[in-house]
Amino acid sequence: MLGPVLLTASRSARTRAAVEGFAPTRKVVDRFVAGETTAEGVATSRELAAAGLAITVDHLGEDVTDLAGAQAVRDAYLELITGLAPLALEAEGGRSGAAEVSVKLSALGQALPLDGHDIALRHARDITEAAAVAGVWVNVDMEDHTTIDSTLAITHELRETHPWVATVLQANLHRTEDDVEAMAKAGARVRLVKGAYKEPATVAFQDKADVDAAYRRHVATLMASDATPMVATHDPAMIELAVATAVAARREPSSWELQMLYGIRTDLQREHAAAGRTVRVYIPYGTDWYGYFMRRLAERPANVAFFLKALATS
Ligand code: FDA
């Protein structure tokens, strides 16, 4: 019950002001967010890379409503890529893609009236070109279902010149069955997630068991294809399935990834990296943490309990 309420709150300006204005919140946010500045995001990336983890870094922000805001996000990514460039160069054996950035198109102007799609494409292209020069890869994050056609079209355009540009498919959505098939055929890098947005029954499974069953099917399809599956979950059952399926498909460790979020199941992240698997950690940083933070609370009652305990003891 609590999850949907928190997901609704993640879009409410009034709740946002209350949560952001509450000083003790910061302590809890720090568990999931690697600081506010580019320097802090890069420093955390360095620490995790030194521990043998690949990284994907998100300059937090979404739902930007004017062109200046979208340009500022683009510029923040250009600064981030400059900060990550040495890390990409130093990666063991010059491993390309050891450092990646994750971008949300709604932060790059996708929702602007009239030409939001083109503005977001232009900004995403600027980021991709700078990333290519720096040896950094790019992932286009997936947001709510109304944005998917535009996000897939933009990813498709970017992949024509830079085939390592990846995107995300969400197992909770009915359409994902077809999208997985298309991405598998295209041999794309695909991050598979369960889906973090509150979606209506017309487009999405509402039962967790249905989402999990779809997730399993998509892991099998992607692992059996020429795609690079990036299995992004903290669910031990899904991780076990991915490992077993990759072994059965005789996949090289560099041909698929496990991905987890910063601050969540750090033990699992290190355990799988130590076993020789590619584990990429999603590192968010920045001041605009509200939507991201609320989605993390919504996913897991234990996170809410952690939040309440931290408030009670502050
Ligand atoms: P789920 O929430 O189904 O939980 C299953 C089990 O996993 C739990 O019983 C527990 O054992 C374990 N678990 C889950 N959360 C845990 C926690 N906080 N602490 C400890 N154990 C935990 N979504 C989206 O819509 N668009 C996107 O672009 C992305 N990007 C993205 C990147 C990466 C790297 C990850 C890991 C996730 C995303 N997501 C996302 C979020 C995703 O859709 C989903 O909401 C979360 O990953 C939660 O689902 P899980 O599969 O982790 O487990």
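The shell around the ligand draws at least three residues from each of domain 1 (1–33 + 289–314) and domain 2 (38–287), with domain bounds coming from an automatic or database domain assignment. The structure is a predicted model, in which local features need pLDDT of at least 70, side-chain atom pairs count only at pLDDT 80 or more, and totals for chains, interfaces and linings use all residues. Residues are numbered from 1 along each chain as its sequence is written.

In total, 24 residues surround the ligand; a residue is near a molecule if its C-beta atom, placed from the backbone, lies within 6 Å of it. The closest are Asp 141, Val 193, Ala 196, Thr 233 and Asp 235. By class, the shell holds 11 nonpolar, six polar and seven charged residues. Here Ala, Val, Leu, Ile, Met, Phe, Trp, Tyr, Cys and Pro count as nonpolar, Asp, Glu, Lys and Arg as charged, and the others, Gly among them, as polar.

At least two shell residues come from each of strand S4 (166–170), strand S5 (189–193) and strand S7 (257–261). S7 gives the most, with three residues. Strands (E, at least two residues) and helices (H or I, at least four) are DSSP runs, numbered from the N terminus.

An unreviewed UniProt entry places the feature "binding site" at Met 142, Gln 170, Lys 194, Gly 195, Ala 196, Lys 208, Thr 233 and His 234. Such annotations may be inferred rather than shown by experiment; feature names are shortened, and positions are given in the numbering used here.

Of these positions, Gly 195 lies in the loop between S5 and helix H9 (208–223). Gly 195 is buried, because 21 other C-beta atoms lie within 10 Å; the cut-offs are 20 or more for buried, 12 or fewer for exposed, and partly exposed in between, with C-beta atoms placed from the backbone. Not counting residues up to four places away in sequence, Gly 195 touches Gln 170, Ala 171, Asn 172, Leu 173, Ala 204 and Val 211. Contact requires C-beta atoms, placed from the backbone, within 7 Å.

His 234 is found in the loop between strand S6 (228–232) and helix H10 (236–248). His 234 has 17 C-beta neighbours inside 10 Å and therefore counts as partly exposed. Leaving aside neighbours within four places in sequence, His 234 is in contact with Met 260, Ile 264 and Arg 265.

Tyr 77 is placed in helix H5 (residues 67–90) and counts as buried because it has 28 C-beta neighbours inside 10 Å. Tyr 77 touches His 59, Val 101, Val 103 and Ile 127, not counting residues up to four places away in sequence.

Methods: Contact = placed C-beta atoms within 7 Å.
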